[in-house]
Amino acid sequence: MLRQPLLLLARSTTVKNLVSSMPVSSSIVNRYVPGESTESAVDATRTLIDSGLHVTLDFLGEDTLDREQADHTVNAYLELLAALSEHNLARNAEASVKLSAIGQALPGDGEKLALENARTICHAARNAGTSVTLDMEDHTTTDSTLGVLRELRKDFPETGAVLQAYLHRTEADCRDLAYEGSRVRLCKGAYKEPESVAYQDRADVDKSYVRCMKVLMSGQGYPMLATHDPRLIDIAAALATRYDRTQGSYEFQMLFGIRPDEQQRLAEAGEKVRVYLPYGDEWYGYLMRRMAERPTNLALFLRSLVSKK
Ligand SMILES: Cc1cc2nc3c(=O)[nH]c(=O)nc-3n(C[C@H](O)[C@H](O)[C@H](O)COP(=O)(O)OP(=O)(O)OC[C@H]3O[C@@H](n4cnc5c(N)ncnc54)[C@H](O)[C@@H]3O)c2cc1C
């Protein structure tokens, strides 16, 4: 019931300014975002890797209409990738990139700029010994993002895609992308989308997730199953058996701070598990999407907002 208003608040500048005055050390923010600096991201990455997990890092920042801000984001990724390489973490840690944070929405040649910027980041990732996954945003960007992916994969075939099970089109997109070497993250989808393009009912989204998972797990690519949903995780394990997939020929992905015990349990059972680790000072939109998924966290969040701890 609270999901839609929270997703709207995620875009409110007034609330953003209020909430952003909270220090990132506030307990609820810290649960989902380990820090604002490259150093804090590298520290958190090291801790996760030491406990047997893999990592994908997201420098927070989206919807930029400002070329300088896009450049700032590119530079943050370059600094991050150099630091991962320097600390010998790049083998187990990659980067997740939102095209809207590197210029996709700029009027005129935004898509071209985002492609160039993404290419720069992919180059740095390859030099560091790792890869990039392109996050997926709202449905108005899906075609553009898949177009940029196709271009990038000509030079960097290791670049990962993300598909969202709540979109009607996604089962077909899974079929297109289930080819050898193709890394595809499947998630439910985090944006507020209209009925014309997306399933609205949670049960329908879950059914679509299962259909998409079947396509990916029976295909030739490398599925990255991004969900915390216990039923879907069980179904994924059953599909791995059905399609003779060995552990490590697919992976589970979860967000930093969400079901950490399950992340450990799966890793200890021999599964490859990757944690999505967001960092940076633009944590507001990300945090509000997590609140929308789990409104019971809201009480804790509001308490920390009032006490500004
Ligand atoms: C690695 C990763 C990458 C992602 N990348 C994208 C992307 O590029 N584009 C995009 O649109 N979305 C992305 N998402 C978000 C995704 O679309 C969902 O919004 C989010 O994962 C919640 O869906 P769920 O599958 O966990 O199922 P849900 O039905 O939302 O949750 C299942 C269970 O997980 C637990 N849980 C879920 N969320 C929370 C929370 N916030 N706090 C505490 N417990 C919780 C609860 O136990 C819940 O019952 C990503 C998710 C992950 C894990």
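Select Asp173 first. At 10% relative accessibility, Asp173 counts as buried, where buried means under 20% relative accessible area, exposed over 50% and partly exposed in between, with a 1.4 Å probe and protein chains only. Asp173 lies in helix α8; helices are DSSP runs of H or I with at least four residues, strands are runs of E with at least two, and both are numbered from the N terminus. Leaving aside neighbours within four places in sequence, Asp173 is in contact with Leu146 and Leu163, contact meaning heavy atoms within 4.5 Å.

Before moving on, note that this is a predicted model, in which local features need pLDDT of at least 70, side-chain atom pairs count only at pLDDT 80 or more, and totals for chains, interfaces and linings use all residues. Residues are numbered from 1 along each chain as its sequence is written, and side-chain values use heavy atoms, with hydrogens and water left out.

Asp176 counts as exposed, at 56% relative accessibility.

Now show α8 (residues 170–177) together with α9 (residues 202–218). Two packed helices are described by the angle between their axes and the distance between the axes. For α8 and α9 the angle is about 10° and the axes are 9 Å apart. Axes are lines fitted to C-alpha atoms, for helices over the stretch in contact, and angles run from 0 to 180 degrees between N-to-C directions. α8 and α9 are therefore roughly parallel to each other; angles under 35 degrees count as roughly parallel, over 145 as roughly antiparallel, 65 to 115 as roughly perpendicular and the rest as oblique.

Which residues make the contact of α8 and α9? From α8, select Thr170, Glu171, Cys174 and Arg175; from α9, select Arg211, Cys212, Val215 and Leu216. By class, this contact of α8 with α9 has four nonpolar, one polar and three charged residues. Ala, Val, Leu, Ile, Met, Phe, Trp, Tyr, Cys and Pro count as nonpolar, Asp, Glu, Lys and Arg as charged, and the others, Gly among them, as polar.

**Helix α5 and helix α6**

Next, show α5 (residues 67–86) and α6 (residues 110–128), which pack at an angle of about 10° with their axes 9 Å apart. That makes α5 roughly parallel to α6. On the α5 side, the contact is made by Arg67, Ala70, Val74, Tyr77, Leu78, Leu81 and Ser85. On the α6 side, select Leu113, Asn117, Thr120, Ile121, Ala124, Ala125 and Ala128. The residues of the contact of α5 with α6 comprise 10 nonpolar, three polar and one charged.

**Two loop residues**

Select Asn88, in the loop between α5 and β2 (93–97). Asn88 has a positive phi of about 55° although it is not a glycine, and it counts as exposed at 71% relative accessibility.

Then go to Asp244, in the loop between α10 and β7 (251–255). Asp244 is not a glycine either, yet has a positive phi of about 55°. Its relative accessibility is 71%, so Asp244 counts as exposed.

Is Ile49 buried or exposed? Ile49 counts as buried, at 15% relative accessibility. Its place is in helix α4 (residues 38–50). Not counting residues up to four places away in sequence, Ile49 touches Val55, Leu89, Asn92 and Ala93.

Pro230 is in helix α10 (residues 230–242). With a relative accessible area of 46%, Pro230 is partly exposed.

**Helix α12**

Colour α12 (residues 284–293), where nine of the 10 residues are buried. These buried residues are Tyr284, Gly285, Tyr286, Leu287, Met288, Arg289, Arg290, Met291 and Ala292.

**The ligand**

Finish at the ligand. Of the 26 residues around the ligand, Lys188, Gly189, Thr227, His228 and Glu293 come nearest; a residue is near a molecule if one of its heavy atoms lies within 4 Å of it. Select His228: one of its polar side-chain atoms lies 2.7 Å from an oxygen atom of the ligand. At Ala190, a backbone N or O atom lies 3.0 Å from an oxygen atom of the ligand. At Arg185, an N or O atom in the side chain is 3.1 Å from a nitrogen atom of the ligand.

Notes:
A polar contact is a pair of N or O atoms within 3.5 Å; within protein, one must be able to donate a hydrogen and the other to accept it, and residues adjacent in sequence count only if both atoms are side-chain atoms.
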